[in-house]
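My notes follow in the order I made them.

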Amino acid sequence: MKMIKYLLVITVLCLSVSCKRDYTGQWVSILPGKSLDGWTPEDDKKICNQSGDTLILSGKGTVYYTGKVHEAKFKNFELIAEIKTQPGAVAGLWFHSGNNSGYQVLINNTPESEERCKTGSLFSVRNIYKSPVSDNGLCTMILKVVGKHITVRVNNVLTVDYVEPENPYRTDENKGKIISNGSFALSSYTENAVKFANIQVKPLPENELPLRRDAVDEQNDEIIRLLQAGFPVIDYHVHLKGWSKDKAMEHSRKIGIYYGIAPNCGIGFPITSDEDIYKFIDTTRNMSSFMAMQGEGREWVETFSPEAREQFDYVFTDAMTFLDHKNRRTRLWMPDEVFIDIDHEKYMDLIVDRIVKVLREEPINIYVNPTFLPEAMMPDYDKLWTEYRIKKVIDVLAQRGIALEINARYKIPSETIIKAAKEAGVRFAFGTNNATPDMGKLEYCIEMMKKCGITPYDMFFPVVKSGKK
C-alpha cells in the first residue's frame, strides 16, 4: 500500500488566525468542538465528524489543524493523543506539515493489514512492524520533537527515538520529511474509523535542548535507503547475549533495524518449559520488537506445548543438531562434536537428509543458519551443495511455506542457493544470529538482496495475532 503524500497547509488559512505565541508549559487541547472549528478538511471532503468529545475520521482524506493555538505553527512541542481504531483502519498523524514538508506517525493496529508498518512508526524513516496495541482499544500516543530529536511512545512503549542528521538521506518522494516547523494534520487511508478522544499539545521553547544529538550518517547508510524504498528492514534472529533488553532496543531504534528477539528454547538452554516461555513473554511486553522462539535440538517439539509456542510471533530452528550415521549426537558448529569418519560426499548426503527431515516434520516458520557445513567441509561448500541437493531442500521449503533465512553472521546461503529459492517462490528472512552485542547492520543480507533481486514481496512477514504483545 502506497501512502507517500506531502501535506500543504493552505497558507491563507494559517495567516488568518492570530494568537500570541508563548510557552506556558501547559497542555492545550486542539480537539475541535462540535462545529469542527480549527480543523480544515482537504478539498472540502467531509471525512470527520464529532461525537460527544470524540473526533472520528472515516473515509479517505486529510484534515489540517488551522486553529489559534500557537498560530498553528509548531517547531518544538509535545503532543498527546488518545486513539481507537476499527479493524482495517490505517491513518497518519502529521507534524511540521506545510511548506512542502511533514513527518508522519502511522496509526495501524491490524495485523493482517496490507500496510506492514504499524502504529508508532515514523513512516519511511523509522518503521515499526508490530503494533504495541490492538484495534478497538483506546491507546495513548505521545509525540515529542525538540530540535532534530523525535520520539514516539505508544502506551508507554518507546517506538521511535530518532535524531535527524544535518544531511539526511531522502528520496524525491520523501524529500519533505525533514525537521522544519508547521502544523498538524490527520490523514485517513481507509473507510474504517479512527477515533481521537483527546489531542493536546504543549509548545516548547525554540531554545529547548534535545536529549540526543548522535545521529546516524545517512549519506553512508544502507538502512535508510531500504526504509525509504518501503523494504521491511527486520532482523528476525537476534539474541540477548551480552546485552540487556533495554540496550538491544536502544540499538534497534538508533540504527533503524526492527528486531525479532529470540531466546534459545530446549533442553540445556535458558528456556526449558512452558512456564519459562510464559515468564519470558511477560517480561518483554514493553519491548518494541517481535518475539521469536528458537527451537533447539530435536527434542524441542515435545518439550513445549503448541499453546506455549503460539505465544511467540514466529518459530524457527536450524538443522545443525542431529544424530549421525552411528547415532552420535552431532552439533555441526562445534568441531569436537562432529565425527566425519566417512567420505565427505556421503556425509553431505547425511546432512541434507537431516535437513529435509527437520523441515518436513517440525512446526517452524523460518529455517535458520541454513546450509551450514562443519568447518572441515566449508572450503568445498559450493562443490558439496550440488544442484540436486539444493533442490531437495528448496522443494520442502516451498511445499511447507517455510522461509529461508539469509544469515549475516555465517554469510549463508550462497548466491546460487538464494537465486534457486527465489525462483521456487520461497520467502526470505534476514537474520544475524549474534553471539555478542556486535550486531552489524545485515550487510550480507543486503548484498544478497541486491545480487538476487529480492523485493519486499519476497520477504517473510509474520501475522501477529490480535492482542498478542
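How many cavities of 30 Å³ or more does a search of the whole structure find? I count five. A cavity here is a set of points, on a 1 Å grid over the protein atoms alone, where a 1.4 Å probe fits but cannot get out; lining residues have an atom within 4 Å of a point. Grid points are joined across faces, edges and corners, and a volume is the space filled by probe spheres set on the points.

Ground rules next. This is a predicted model, so I note that local features need pLDDT of at least 70 and side-chain atom pairs count only at pLDDT 80 or more, while totals for chains, interfaces and linings use all residues. Residues are numbered from 1 along each chain as its sequence is written, and side-chain values use heavy atoms, with hydrogens and water left out.

Confidence: pLDDT is the predictor's confidence in each residue, from 0 to 100. The protein chain averages 92, and 93% of the residues score at least 70. Over residues 1–20 the pLDDT is below 50, yet this stretch has 51 contacts beyond near neighbours in sequence. Contact means heavy atoms within 4.5 Å. Where pLDDT is low, the predicted coordinates should not be read in detail.

Second largest cavity: I find about 110 Å³ of space in it. Its lining has 13 residues, and Asn127, Ile128, Thr159, Ser252 and Arg253 lie nearest the centre. Strand 11 (157–163) and helix 3 (245–255) each give two or more residues to that lining. Helices (H or I, at least four residues) and strands (E, at least two) are DSSP runs, numbered from the N terminus.

Helix 3: I looked up its buried residues (under 20% relative accessible area, 1.4 Å probe, protein chains only). They are Ala248, Met249, Ser252, Arg253 and Ile255. They pack against strand 11, helix 2 (222–228) and strand 15 (258–261). Gly256 follows helix 3 with a positive phi, near 90 degrees.

Core: a nonpolar core is a set of buried Ala, Val, Leu, Ile, Met, Phe, Trp, Tyr and Cys residues joined through side-chain atoms within 4.5 Å. The largest one has 142 residues, and Phe95, Phe196 and Trp385 touch the most other members. Helix 7 (residues 344–361) gives the largest share, nine residues. Beyond four places in sequence, Trp385 touches residues including Met348, Val352 and Ile355.

Leaving aside neighbours within four places, Leu36 contacts Cys48, Asn49, Gln50 and Leu55. The C-alpha atoms of Leu36 and Leu55 are 8.7 Å apart.

How values were computed. On a 1 Å grid over the protein atoms alone, a cavity is a set of points where a 1.4 Å probe fits but cannot get out, and a pocket is an open set with protein on both sides within 12 Å along at least five of seven lines; lining residues have an atom within 4 Å of a point. Buried means under 20% relative accessible area, exposed over 50%, partly exposed in between (1.4 Å probe, protein chains only).
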